[in-house]
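Colleague: I should like to go through this structure with you, point by point. Please take the confidence of the model before the details.

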Amino acid sequence: MGSILFFLSILAIIATWWLSRQGLASKPWLEQGEAAALPNLSVRSAAPATIGLRVFLAVVGSFFALFISAYSMRMQLPDWRTLPLPPILWLNTIMLVLSSIALHGAMVAVRRGERNELKISLIAAGVAALAFLSGQLVAWQQLAGEGYRLTANPANDFFYVLTGAHGLHLLGGLVALARTTEKAWRVPATEHLRLPVELCATYWHFLLLLWLVLLSIWTGWAGEIIDICRQLLT
Amino acid sequence: MAVALILVLVAVGSVVFHLVSPWWWTPIASNWRYIDNTIIITFWITGAVFVAVILFMAYCVYRFRHQAGRQAHYEPENKRLEWWLTIVTGVGVAAMLAPGLFVWQQFITVPDDATDIEVFGQQWQWSFRLPGPDGQLATSDTRLISPDNPLGLNRDDPKSHDDVVIEGGELHLPVNRPIKALLRSPDVLHNFYVPEMRAKMDLVPGQISYIWFTPTRTGTFEILCAELCGVGHPQMRGKVIVQEESEYQAWLQEKVATSFARLTPDTRNGAVVPD
Amino acid sequence: MVDVPLGSAGVVAAPDVEDVELYHPHSWVTKYVFSQDAKVIAIQYSFVALSVGLIALVLSWLMRLQLGFPGVFSFIDANAYYQFITMHGMMMVVYVLTALFLGGFGNYLIPLMVGARDMVFPYVNMLSFWVYFLAVLILVASFFIPGGPTGAGWTLYPPQAITTGTPGGQDWGIILMLMSLMVFIIGFTMGGLNYVVTVLQARARGMTLMRMPLTVWGIFTASFMALLAFPALFVGAVMMLFDRVLGTSFFMPAMVEMGQPLDRNGGSPLLFQHLFWFFGHPEVYIVALPAFGIVSDLISTHARRNIFGYRMMVWALLAIGALSFIVWAHHMYVSGMNPYFGFFFATTTLIIAVPTAIKVYNWILTLWRGDIHLNVPMLFALAFIVTFVNGGLTGLFLGNVVVDVPLSDTMFVVAHFHMVMGVAPILVIFGAIYHWYPKVTGRMLNDALGKLHFWVTFLGAYAIFFPMHYLGLMGIPRRYHDIADMAFVPPSAHTLNAFITIVALIVGAAQLAFVFNLFWSLRHGRNSGGNPWRATTLEWQTPETPPPHGNWGNDLPVVYRWAYDYSVPGADQDFLPQNQPGPSRAAPGAGHG
């Protein structure tokens, strides 16, 4: 359960930092008036949807952290046989990176009010994400073709389930992206597009990060990094 | 008034029930008297807190019940009082935790002279395996289970030749000798539980768990399964018969003579540990 | 009247909440069925949850009949018995308590108490209820399929949960259970995002965190915990579903079932237990923290006194919430996990007793020198303290690793968790319903019926579960369909079991008085007015009762003080609503009223 506890401690640090600015040590019964003595509640400046997405990402993060915990507990058992990563995963990774970059471009474009750049970036991001998803399907096919089927070994099970869960999250994101793209044609004022584009970009960057974490676990880099950290500590 | 009285009755009634009720733990038959002692300490501390809290509440309800002209006292907090209560609580908790951890250390440290036996639970019966004259158990594997090898013993293991297998029967143990029970299940979770021995542990398919205890008095005690294992769960019973050393040896000789337990490589999986 | 902030720096935060545009329903269906009004959603949630609660109550009757009078009711065979305990447990913990506290009270109280017009994402909020309703339907459907619902126990431990020796293990029962849980979690996540973000983003002007009533603090913390803990159950459910349907070996070890080897290898049953309890332990506090919050407000209001040590109460809530994520394996002391974990988890578990004890002290210190009105909500709050203290203290037995060894998996555990997370939170729910019913309907619940309901429920529940501890101490295991032939069990224990059953039937029947009261008072209850309890918090200050969609009329409320200005010296009445400017507090030392 190391990875979920690690993830939760990061959340705990963020929560502590945030709470420390909320005057939790103040004595509310001594303070009257419409505002207590709290300097700049900057958190209010964000839109509810932005905060909502961040909380949602914490939930998704906790979901994957738990899956990774289960993975690392299960892999210690003797029947574990690591499966080879299909090379197409690297191409898929590039696609996901491109998709993320395109959305970042969309965000810059919407801030500058450049409608055409925005449209192009959104389309590019969508296409790259679709390419990623199809690539994942190809990877599944290749693996299954080589005999690494589901149920043959827990390592395969985890690979299919984790890629599947990641893919489903991306698919959900694509729905939001499609609606945003459609708005880019329909809504006249670019200010109204700013929020949805930013939300999509945040979500995409998160899924990219998540994908890199998963990839590092499958390639064994994560294990090596942990080992190095352990050695540094001892 | 009535409310305060009933609250007092609840507190006093609980204490009286505790003292006079006929329902109490079974007379102990193992070395785990320490566990009973820790429970007694915990009863004293928690009982005192329970009575104090409820009586205090009853007093408040009586003394500060609404009456014409009463106004509540205004006092948002009292730091000193709260810190004192916190410290006292901390001390009380430590007074329960410390003996608990101390006894737990003993509970998981098996003495060197303990005899290994195997408790094998399956849906829904208990089987046992005792080491023969060599005093050692052979390795085993779930995949080796077959009609003529019901416990899946490794027959290539030389230690298997004298192992005594007792299927669905009674477990005989010598009195005053520490026993390390290795717990194994071929199907679902079970739990080896003898109320008089106080000890208890799950049998987990795919790994071998253990407990140890020393029976301290002779007699027959019931073995229960304490982990839900399907519809037959309540019927999964067995018996431990604790005997004097001489009687036990006589029984064991007879069993060795009639037993043909034969036994292969082992995959004793370690417990899964969270990383 | 201009108010001068008395804060240390005197800095006034800028007005920061923009009024929001609400969705306006156009038809009966969008107003009452697919409503986006948090208050309607709250009532929908509560109604469904209470209905599920009644089903679960009937199931508990059936179990008790078997335990009290074994063999008399032939239709309760072992199969049916295990199905009843499983459904009773899962329904009560997840579909009743979680849904009622967060979906019901959360939806009704959060927007009103923080001074918002509605939840921040009303559409998602509506979806949340309907997804929850779907989860309930899937769960209840399992009663009507071949093989019936799963009988794996609410903990659903594999391999047992998905093998033939368990009711529903190789039928649809376990599949429907897992699917229902997954749907529930998806629905809850939608709701939970709303509860958290509404508290973060939609508080009225002046409503700083430290001015929030403890009810909001409790629900807020619990929602956050639930958002992070439920994924563990989701992950466990996904993996078990794969094991059951596709034949993977996440949890399934090499095993021989009924003499037949199964085609599985190397899976780890303990892995599921870790995942389950990583959800399961926070779940206890997900139910407890809203109850803590609500009971704080009930006690404070009806004792006419500020909650004693408000700051400590908030810190304790947060501490409990954080600690509850690192105690999960105390459910697994005898599970065969690495025994050295026992040291760590026993220590963390007993540490959590300290902030919990602080909360209890502060509740009873609030009563001290109060002006206690013993009306029905207050009675329930007092009964909560009795049962919660009782159940919390027996938790110190079970948390203390070596003491847990003889007691775990016995009736002691059953008695403990029913006292602490069954009876105690449900008493709070009742108290809260008696307290807020006037706001929801504009009418009071009948007092005489309420008192009858209270005394039978409180004393009855205590008489059920307090003696039950001693059956466990004796060694009677839980989840036994029949204990008739146990050598060490004296005949008196069977008498006690019969007694418990009879009391359980009576307590159950008393709930009918409550249900009757809910419906009868809707028409015949005394008119309550807007603020019958003379309470300070915002929900009692709405211009109309019951509050319409949008809650606040033309202007959002502005908050001038914390939630507990009761019996302030120098004030002309014994409560100052949060949205009332002035009068400035009398200087310290000023005489009483």
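Colleague: What ipTM and pTM does the predictor give the complex?

Modeller: This is a predicted model, and the scores therefore come from the predictor itself. For the complex, the predictor gives a pTM of 0.92 and an ipTM of 0.92.

Colleague: In chain C, which helix has the highest confidence?

Modeller: Chain C has a mean pLDDT of 90, with 94% of its residues at 70 or more. Among its helices, confidence is lowest in α1 (residues 28–33) of chain C, at a mean of 80. The highest value, 96, belongs to helix α4 (residues 122–141) of chain C.

Colleague: Over which residues of chain C does the pLDDT fall below 50?

Modeller: One such stretch, residues 1–16 of chain C, has 37 contacts beyond four places in sequence in the model. Another has nine contacts beyond near neighbours in sequence. Where pLDDT is low, the predicted coordinates should not be read in detail. The stretches under 50 include residues 1–16 and residues 586–593 of chain C.

Colleague: Which helix gives the largest share of the side of chain C that touches chain B?

Modeller: The contact takes 84 residues from chain B and 104 residues from chain C. By class, the side of chain C has 66 nonpolar, 28 polar and 10 charged residues. The largest share of that side, 13 residues, comes from helix α9 (residues 341–367) of chain C.

Colleague: Are helices α2 and α3 of chain B roughly parallel or roughly antiparallel to each other?

Modeller: The axes of α2 (residues 33–63) and α3 (residues 79–108) of chain B come within 10 Å and cross at roughly 170°. The residues of their contact, including B:I41 of α2(B) and B:M96 of α3(B), divide into eight nonpolar, five polar and no charged. Angles over 145 degrees count as roughly antiparallel, and α2(B) and α3(B) are therefore roughly antiparallel.

Colleague: Where does C:P159 lie?

Modeller: The peptide bond from C:P158 to C:P159 is cis, with omega near 0°. A cis peptide bond also joins C:T545 and C:P546, with omega about -10°, and C:P546 lies in the segment after α14 (491–524) of chain C. C:P159 lies in the loop between α4 and α5 (173–201) of chain C.

Colleague: Is C:S567 buried or exposed?

Modeller: C:S567, found in the segment after α14 of chain C, has a positive phi of about 50° although it is not a glycine. A residue with 20 or more C-beta neighbours within 10 Å is buried. C:S567 has 25 such neighbours, and therefore counts as buried.

Conventions. Residues are numbered from 1 along each chain as its sequence is written. Chains are lettered from A and ligands numbered from 1 in the order in which they are written. This is a predicted model: local features need pLDDT of at least 70, side-chain atom pairs count only at pLDDT 80 or more; totals for chains, interfaces and linings use all residues. Two residues are in contact if their C-beta atoms, placed from the backbone, lie within 7 Å. Helices (H or I, at least four residues) and strands (E, at least two) are DSSP runs, numbered from the N terminus. Ala, Val, Leu, Ile, Met, Phe, Trp, Tyr, Cys and Pro count as nonpolar, Asp, Glu, Lys and Arg as charged, and the others, Gly among them, as polar. pLDDT is the predictor's confidence in each residue, from 0 to 100. Axes are lines fitted to C-alpha atoms, for helices over the stretch in contact, and angles run from 0 to 180 degrees between N-to-C directions. Angles under 35 degrees count as roughly parallel, over 145 as roughly antiparallel, 65 to 115 as roughly perpendicular and the rest as oblique. A residue is buried if 20 or more other C-beta atoms lie within 10 Å of its own, exposed if 12 or fewer, and partly exposed in between; C-beta atoms are placed from the backbone.
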